[in-house]
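Please keep the sequence and the coordinates at hand while reading.

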Amino acid sequence: MDETVSEFFRRTILKIPLTEMMTILKTWNFLSENQLQTVNFRQRKESLVQDLVLLCEENRASLNDGALLDIIYTQFHRHQKVWDVFQMSKGPGEGTDLFDMEQFKSSFKKILKRALKNVTVSFRDAEENAVWIRIAWGTQYRKPNQYKPAYVVYYSQTPYAFTSSSQLKSNLPLLGQALTIASKHHQIVKMDLRSRYLDSLKAIVFKQYNQSNSTLSFEADYILFCKREAEYFVPSVKQTFETHNSTTPLQERSLGLDVNMDSRIIHENKTEKERVHRVTQEIFGDYPQPRLEFAQYKLETKFKSDLNGGILAEREEPLRCLVKFSSPHLLEALKSLAPAGIADAPLSPLLTCIPNKGMNYFKIRDK
C-alpha cells in the first residue's frame, strides 16, 4: 500500500467518531474479528488510527477497499450532505426492461471511464434494491480527488436517483448520461427538490408518506396571494420558525381567557378548535411528515393595484422577490401553525403542496 493510499485510509478512519468506530469497521468486514481484538480502542484516537492503518497494510488494502469504507461512513452520516433528486423517463413506446444490477454497475462504470480517464467508481449494495455509488472525479491531466467524491443512490427499476451536491458541476451531464444509459432510460431531469434528509426525499418521490391527496388550487391561490401582497413588495424575505407543541391557541393564551367566560364564547372556541383540527388532519394526515429544512419561492409578477397611478404603475419590468421558509422540520412546523393559533386554517396551498408536488423550490409567474 503506497503512501497516497495509506494517507487516504488514515484520513477516512480519522473522521469516524469513536462511538461508531467498531460498528462501522464490523460493517466494512475487511478486518477480521481476531485483528480487531488486538486493537486498543481506548487509546488516543491518533494512535488508534495508526494501528488500524497498519492492519489495513497487512491485509494489502486497495484504494477500492478504502472507498468502500468511505461509502459506509457516508451511509451512517448521510444527513451531513445535501441531496438532489433526478427523475428519468422512458422514450415513447419503450416498455419495462429486465434489470440486472451487475450489468447496471458495469455499464455505468464503462461510460464514465470511456469519457474521463481519471475517475474512480465504487459500489455498495444497500437495502430495498438500492446501490450506493461513490465517484471520485479527476480531469484529463489530474488524478481523481478522493477527498471530494460525489455520491449517487439509485433504486433499481425506478426512475429516481439521488445525488450529493458536487462542486464539479461540469460533470453533471456525464453523470446523467451514465445513469440514463445504464438504467435503460431515455432522458433525465433535475427535480426542484433538495434536502439533507435522504430518507424523506425517498418517501416523497415514492409516495411512501400518508397524506391527503385532495386537489390543490395552486394557481388560484397564487393570484390571490399576489393581489394581497403587491403593495407590500419585499425583495427578499426569510421566515424561520420552530414547531409549536402547545395545544392552546395563541389567541387564548394572549387574552388570558378563564373558565368563567361566557358559555357562548366557550362553545365558539371549541367549535373553531375542532374545525382547525379537522382541516389540519385533512391536509396533513395523522402521520409524521417527511423531513425538509426549507421551501423557497421565487416570485415574478407584474405590479397590480386598485389605486390609480403610483410610481410603479407604468413599470414594464416584473417585480421579483425571494421568500424562503426554514425550520429544522418544516412540514411538521407548518402542520402545527393553525392548531397553535399562529395562522388561519387552512394554510395556503403554496405551503401545503410541497410533498404532493415533490418540490421545495417554486418559481411563481403570472399566467
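Y154 stands opposite A161 in β5, where strands (E, at least two residues) and helices (H or I, at least four residues) are DSSP runs numbered from the N terminus. The model is predicted, so that local features need pLDDT of at least 70 and side-chain atom pairs count only at pLDDT 80 or more, whereas totals for chains, interfaces and linings use all residues. Residues are numbered from 1 along each chain as its sequence is written, and side-chain values use heavy atoms, with hydrogens and water left out.

Strand β4 (residues 150-155) pairs with β5 in the antiparallel sense over 3 bridges, pairing being assigned if DSSP finds at least two bridges between two strands. The two strands form a hairpin with 4 residues between them, and in the turn Q157 has a positive phi of about 60°. V153 has F162 as its bridge partner in β5. Strand β1 (residues 83-89) also runs antiparallel to β5, to which 5 bridges join it, and here the bridge partner of F86 is A161. On the side of β4, strand β3 (residues 130-137) pairs with β4 in the antiparallel sense over 6 bridges, with V153 in β4 as the bridge partner of W132.

## Burial of the strands

How many residues of strand β5 (residues 160-164) are buried? The count is 5 of the 5, so the strand is largely enclosed by the rest of the structure; buried means under 20% relative accessible area, exposed over 50% and partly exposed in between, for a 1.4 Å probe and protein chains only. Both faces of β5 are covered, with Y160, F162 and S164 buried on one side and A161 and T163 buried on the other.

β4 is mostly covered as well, since 6 of its 6 residues are buried. From this strand A150, V152 and Y154 point one way, while Y151, V153 and Y155 point the other way, and all are buried.

## Aromatic pairs and charges over rings

The structure holds 17 aromatic pairs, a pair being rings of Phe, Tyr and Trp (its six-membered ring) with centres within 6.5 Å, and with planes under 30 degrees apart called stacked, over 60 edge-to-face and the rest tilted. Among them, F8 and F9 form an edge-to-face pair, at 6.4 Å centre to centre and 70° between the planes. F8 counts as buried at 3% relative accessibility, and F9 is buried with a relative accessible area of 1%. Y297 and F362 form a stacked pair, at 4.8 Å centre to centre and 5° between the planes. Because Y297 lies in strand β8 (residues 294-301) and F362 in strand β10 (residues 361-365), this pair ties together parts that are 65 residues apart in sequence. Y297 is buried at a relative accessible area of 6%, and F362 is buried at 4%.

F8, F9, W28, F30 and Y147 form one aromatic cluster. R11 lies over the face of Y147, at 3.6 Å from the ring centre, where a charge sits over a ring if NZ of Lys or CZ of Arg is within 6 Å of the ring centre and within 35 degrees of the ring normal. K324 lies over the face of F294, at 4.7 Å from the ring centre.

## Helix crossing

The axes of helix α1 (residues 3-14) and helix α4 (residues 45-58) come within 9 Å and cross at roughly 135°, the axes being lines fitted to C-alpha atoms, for helices over the stretch in contact, with angles from 0 to 180 degrees between N-to-C directions. α1 and α4 are therefore oblique to each other, given that angles under 35 degrees count as roughly parallel, over 145 as roughly antiparallel, 65 to 115 as roughly perpendicular and the rest as oblique.
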